[in-house]
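Q: Can you walk me through this model, starting with the sheets and then moving on to the backbone and the aromatic rings?

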Amino acid sequence: KKVLFWEMRCDLKRRFLLLYATQKGQAKAIAEEIWQQAGAHGLEADMHCISEMDKYNLETEKDPVVIIISTTGTGDPPDTARKFVKKIQDRTLPPDHFAHLQYGLLGLGDSEYTFFCNGGKTVDRQLQELGAQHFYDTGLADDSVGLELVVDPWIDGLWLALEEAFLLQKEKEGMTSDAVSSSLSAAPHVGHELNLSSEVQNLKLDERVRSADVLTQKLVDIHLVASAADTEPSLVHSVPPVSQSALNIPALPPEYIEVQFQDTHGENPHLSSLISEGTTFEVPVTKAIQLTREDAIKTALLLELDIADTVFDYQPGDAFCVICPNNVSEVEELLHILGLSEKAEYFVCVKVKQGTKKKGAAHPQHIPERSTLKFILTWCLEIRAIPKKAFLRALVECTSDAGEKRRLQELCSRQGASDYTRFIRDSNVCLLDLLHAFPSCKPSLNLLIEHLPKLQARSYSVSSSNLYQPGKLCFVFNIVEFPACPARPVSRKGVCTGWLAELVAPLLHPNKNTLDTKGASSSTEKISIFARPNNTFHLPADPSVPFMMVGPGTGISPFIGFLQHRQKLREEHTDWEFGETWLFFGCRHQDRDYLFKQVHCLAFILDELRCFLENGTLTHLKVCFSRDSSTAEVAPPKYVQDVIRLYAKEVARVLLTKEVARVLLKERGYFYICGDKKHMADGVSDAVVDILSMEMEADKLEAMKILAKLREAKRYLQDVWS
């Protein structure tokens, strides 16, 4: 009977279509994991990038469809999904266009941003509107707490859902066999209850699914006895129950890259060849100003770029990207640990390994066909990336010490999930940290190329106006600091901000509050940039409408460009009507980090905010200082959201108008927020909701609906980061 059961199952068509839409590779990696596990379940995953619409056809697809999709920008689907989304959003399609389609969708996002998982939600909603049906509940994974918390159980539950979808499919086709039915009913039942909460976007898996882990996970049973003194877990040490558990670890990812060392003759490719997002421009840095005092908690710099000899164009509110290298000393340290220091300047040829078992193995687009080893580690691979569990699993095979091997197994296992989050993810541990912590781990170069992601260009908001300063582009940033911690005993600066600070150091006067005149005029340092236009975060098209800007810290950056542009328009169009403008700014200390208040630059004082007020470009400036002490009877507000509450009527007046005794939305003002999402933007949104509720004399739910409409109308706009 068992033979008959498996023969009958093999005769059934057990294929499903697996589509992924990725921006930085996460969705693709998850799809590849599903593809790998499918074989162990007797299934065939037909995997394609969602952009490869010539290789699949949802209009005629009869098998179940699994979609893995990320979110980018301000809730947009990834670039690879744009054509697909446009196609399914065609309003001429009938409501039963996909009535034949059965699908399951896993969305990836970050709840630190307003439109969490909106790429996946958009596709999910549109497929539903066109008649498609779920065969498996939608999962929404949150990168702010760890994608694996949702991804792992979602994949575990997928297999039973697919089994049931195949059974249903065959029943509909009238091909169900008694032998198959009885065999399946006799098989152990595994529950697959998925509970999705719309509030917390968290997926919970029935514990019974966990018992099926043995079907797809390698069982490891190595018991190491901890010494009595080691009672606290760390990156390199575990405690019970993890240290005494049998482990479910991921399948070993198949190797697919082959690296050949060649000679030392030739030239490395130009940086522009590494970028597919648009035209790159190499531009000189003409000014560098430190906007904060030496004793400020964060160091903010303003850089000015000369774009006069390029066709680079931008609007205030746009962003642009800087192509940056990895830290030189970290690259050299990595070469030393890998034993490849002597081959740093050797050219390497990277090819796909013949006979690899990896589905759709291809030459990584971010790796040149021929370049030096040092170039690859400096400009192509994100060596600071937090290692994913698949990478840890691969590193296990490169580790000779039994204790170190066991700990790496624990960190990538289901049982060690909390240790992974605490000691790797939350501690910002990178490959270098792991190689120091586990010295017997000696990975090959091809393994690094397979598992380290592309070194991404860093995005910055423009802090100038091309109308106000033709041929110039300014931007402001804090030098990011990563203090040392137990899992990572060395402090580090941000990859790009640390590099930029080092690059412009000669331009800064020793006290870093003034520019050296000679340095400012003779700089030859250049950086490579490319445009990243923002489709919505721009000044109102109608200059007569009022707008409010909220930008504490470096969040003020785009608003300087807004005000410069507005000032120039006022000078050139004296007959125009201009609406009032508000700026809410906050920082820790008035005398240490009040950006753009008083910065000495050559022979003049950069006091733009005061100038904007005096010439009428800025109508209202409201500031607060969160760390300054006060002797006043009534303590002044500490944060921008507190200041906003003091001007409730003015906020409501900008956003709303009364009509027939009812507060209604009207095409009036705009509200812009720029800066930290978690600690500022959410607080500002709460303040606005309270203001709308109070001024409308309505409940909070109604006020939240009004705010949602303002967002939808692109009148409440955010440019935020986590």
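A: What follows is a conversation about a predicted model.

Q: Ok, what's the strand order in the open sheet of six strands, and how does the pairing run?

A: The order is 17-14-21-12-13-18, and the pairing is antiparallel. At the edges are strand 17 (458-461) and strand 18 (472-478), each of which pairs on one side only. On average, neighbouring strands of this sheet are turned by 40° against each other, with direction ignored.

Q: Is strand 14 buried or exposed?

A: Five of the five residues of strand 14 are buried, so the strand is largely enclosed by the rest of the structure. Ala-319, Cys-321 and Ile-323 lie on one side and Phe-320 and Val-322 on the other, and both of these faces are covered.

Q: How many bridges between strands 12 and 13?

A: Five bridges join strand 12 (residues 280-290) to strand 13 (residues 300-306), and the two run antiparallel. Lys-287 has Glu-304 in strand 13 as its bridge partner.

Q: Which strands does helix 15 lie across?

A: Helix 15 (residues 495-503) lies across strand 13, strand 14 (319-323), strand 17, strand 18 and strand 21 (526-532), and it runs at about 70° to strand 17.

Q: Switching to the open sheet of five strands, what's the order there?

A: That sheet has the order 26-23-22-29-30, with parallel pairing. Strand 26 (620-625) and strand 30 stand at the edges with a single partner strand each, so one side of each is left without a neighbour in the sheet. The twist averages 10° from one strand to the next.

Q: How many bridges join strand 29 to strand 30, and what packs on that sheet?

A: Six bridges join strand 29 to strand 30, which run parallel, and Phe-671 stands opposite Tyr-716 in strand 30. Helix 17 (residues 557-572) packs on the sheet, where it touches strand 22, strand 23 (581-587) and strand 29, and its direction makes about 145° with that of strand 22.

Q: New topic, the backbone: where is the cis peptide bond at Pro-241?

A: The cis bond joins Pro-240 and Pro-241, with omega about 5°. Pro-241 is found in the loop between strand 9 (218-220) and strand 10 (247-249).

Q: What about phi of Glu-697?

A: Phi of Glu-697 is near 55°, a positive value in a residue other than glycine. Glu-697 is found in the loop between helix 22 (677-696) and helix 23 (700-712), and it counts as exposed because its relative accessibility is 75%. Lys-714, which is not a glycine either, has a positive phi of about 60°. Lys-714 lies in the loop between helix 23 and strand 30 (716-721) and is partly exposed, with a relative accessible area of 45%.

Q: Now the rings: how many aromatic pairs are there in the whole structure?

A: A search of the whole structure finds 22 aromatic pairs. One of them is formed by Phe-312 and Tyr-314, which is tilted, at 6.4 Å centre to centre and with 50° between the planes. Phe-312 counts as buried at 6% relative accessibility, and Tyr-314 counts as buried at 6% relative accessibility.

Q: And why is the pair of Phe-547 and Tyr-672 called edge-to-face?

A: The ring centres of Phe-547 and Tyr-672 are 5.9 Å apart and their planes stand at 90°, so the pair is edge-to-face. This pair links distant parts of the chain, with Phe-547 in strand 22 (residues 547-550) and Tyr-672 in strand 29 (residues 670-676), 125 residues apart. Both Phe-547 and Tyr-672 are buried.

Q: Which residues are in the cluster linked by ring pairs?

A: Ring pairs link Phe-537, Phe-547, Phe-559, Phe-562, Tyr-670 and Tyr-672 into a cluster.

Note on methods
Residues numbered from 1 in each chain as written. Predicted model: local features only at pLDDT ≥ 70, side-chain atom pairs only at ≥ 80, totals over all residues. Heavy atoms only, no water. Pairing = 2+ DSSP bridges. Helix = DSSP H or I, 4+ residues; strand = E, 2+ residues; numbered from the N terminus. Axes fitted to C-alpha atoms, helices over the stretch in contact; angles between N-to-C directions. Contact = heavy atoms within 4.5 Å. Buried < 20%, exposed > 50% of the residue type's maximum accessible area, 1.4 Å probe, protein only. Phe/Tyr/Trp six-rings, centres within 6.5 Å; stacked < 30°, edge-to-face > 60°.
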